[in-house]
Amino acid sequence: MGATTLDHEVVIVGAGFGGLGAGIEFTRQGMTDLAILEREDDLGGTWHVNHYPGLAVDIASVTYSYSFEPNPHWSRLFAPGAELKKYAEHVADKYDLRRHIEFGVAVQRAEWDDDGQYWTVHTDDGRSRTARYLVTATGFLSQPHTPDFPGMDTFAGKIIHTTDWEDGYDFAGKRAAVIGTGATAVQLIPEIARTAKALTVFQRTPIWVVPKIDFAIPAPVQTLFQKVPLTQKAARLVNTAALEALMVFGVLHFKQAKPGNKLAALLSKAHLRAQVRDAATRRKLTPSYDFGCKRPTFSNTYFRVFNQPNVTLQTSPIERVEADAIVCADGTSVPVDTLVLATGFNLWDTNFPAFQIVGRQGRDLGRWWREGRFQAYEGIAVPKMPNFLSLNSPYSYSGLSYFTTIEGQMKHIARLFGELRRRGADTFEVTEEANTAYLDRSTKALDSSVFYAGDCTGSRSYYFNQHGEATLLRPSSTLSTLREMGSFPLEDYTYRAAPVSEPVTAPAPTA
Ligand code: NAP
């Protein structure tokens, strides 16, 4: 690849585990002129932004980490959120990535210059940066969804979104309301129920919850993991295999393995029966859609809070918010001092992509996805988007540990940039044919999944986009994902050399 006269060789947007993984891979490829732009004031992505009480990982920590950077010090099987944040910091330090990161810089727009073959990236500090390659690592769950109930602006109490938690906020003596019953709420509700004078949980759609087998990892085991890394590798393998079975058979091959899926639903129902005394409450907490349509969760403490005298489950839809209350469609008025929004994220309208990206011949990625179909070759590349890799794409997420997705993408980067070097080329672009073939393959593979072969009516799952298509998950096992990402046909891309031209520098900062 020719020496660049641009501001940077690569701009990576996002300093979460995806952005850090990309940074590590580009460094391995010998590319050191990287700029990692991060809108937050620190690294770690979701593990920096989320710090609500009860936060913990929901994939066992031996698996939820880079395979090449095991952490023998996880305190529990499912480590608390703060340990993930610490792990991200450790990775950034060990792989010397901090010097590339600029914090508090939000990207607003990027456009491709096909004559010069580079990207211009515009940021909210009024600057623009040019780069040969653009990588978005902006996460799936990074644009918080805040519902706009009538009267919301008249609420006189405190409103907290779970992504904007006030550490140490004291619920003692408060009449709290939590809107939402997703994975975040399931972790948070037992914590609030501990101290709040009253807690009303507003549930629109129940979630499947199975028991959580969690325990502290004893110090001698941590020492063993440290001294004999092979033991932690073995633990990772066992855990990944178990997750794999759940995912491949329970979700992707629902059609062929329905009994396994039904068994998981039965386990959740038995868990509910064991934990909640009142039959009417149990009925309300029981989902009507198939297990797996929506990401299920684990908890030993969630269901049982509904036995507490200070906790009420409200299932009548919210009609409006008043200065000190939430009024439901059935006329119930619930007095509220603190309103917690555990209302999740907007993926498909504002996060795919997270900012405007305009490629060759004016292709606007967001518009193209929304007006057509969501698609990305191998969940990473898009036609008419040269030198662009989107780590959070349709069909990219393996649905298990996010690290499978990241490491697959790192393999893809290694193969692609190896080929660029071999050819002495600078620019790559995936072909329309390869992209369409991948889209067709993924669409077909998902036919057997719970999303299409099961009953997902009423699940309101974020796995489905606004067109009703389940385009988030990559329909392949961990092994296939890693194999395919490291061996895709090289002719699925076209390659060209960049023109030799005048230096391209970013415009001077605007006042
Ligand atoms: P979520 O799963 O999207 O849940 C959002 C909740 O808010 C849903 O119950 C939703 O109800 C409700 N809601 C949204 N708008 C509403 C409205 N206008 N009226 C009433 N209810 C409304 O979001 P999340 O709980 O933040 O979890 C997102 C994902 O993050 C999880 O699936 C998981 O992958 C990840 N996560 C992971 C961990 C972990 O690893 N430890 C922890 C937390 C989250 P409907 O279902 O009816 O839309």
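**Salt bridges and ligand shell**

Reply: Aspartate 290 and lysine 262 form a salt bridge in which the closest N and O atoms are 2.8 Å apart. The two residues link distant parts of the chain, 28 residues apart: lysine 262 belongs to helix 7 (residues 258-275), and aspartate 290 to the loop between helix 8 (279-284) and strand 11 (297-298). Please note that this is a predicted model.

Me: Is aspartate 290 buried or exposed? And what about lysine 262?

Reply: Aspartate 290 has a relative accessible area of 13%, so it is buried, the limit being under 20%. Lysine 262 is partly exposed, with a relative accessible area of 38%.

Me: Which residue forms a salt bridge with arginine 175?

Reply: The partner is aspartate 337, with the closest N and O atoms 2.9 Å apart. Arginine 175 is in strand 8 (residues 175-179) and aspartate 337 is in the loop between strand 15 (333-335) and strand 16 (338-341), so the pair ties together parts that are 162 residues apart in sequence. Aspartate 337 counts as partly exposed at 22% relative accessibility, and arginine 175 counts as partly exposed at 28%.

Me: Changing topic, which residues come nearest to the ligand?

Reply: There are 25 residues around the ligand, and Ala56, Thr184, Thr205, Lys294 and Tyr462 come nearest. By class, the shell has 11 nonpolar, 9 polar and 5 charged residues.

Me: Which helix gives the most to that shell?

Reply: Helix 4 (residues 183-195) does, with 3 residues.

Me: Where does the ligand lie relative to the domains?

Reply: The ligand lies between domain 1 (8-143 + 347-496) and domain 2 (152-212 + 255-289 + 299-341), because both give residues to the shell around it.

Me: How much of the ligand's accessible area does the protein cover?

Reply: The protein covers 88% of the 910 Å² that the ligand has on its own.

Notes: Residues numbered from 1 in each chain as written. Predicted model: local features only at pLDDT ≥ 70, side-chain atom pairs only at ≥ 80, totals over all residues. Heavy atoms only, no water. Near = heavy atom within 4 Å. Areas by Shrake-Rupley, 256 points an atom, 1.4 Å probe, with all protein chains shown as cover. Helix = DSSP H or I, 4+ residues; strand = E, 2+ residues; numbered from the N terminus. Nonpolar A, V, L, I, M, F, W, Y, C, P; charged D, E, K, R; others polar. Domains from an automatic or database assignment. Salt bridge = Lys/Arg side-chain N within 4 Å of Asp/Glu carboxyl O. Buried < 20%, exposed > 50% of the residue type's maximum accessible area, 1.4 Å probe, protein only.
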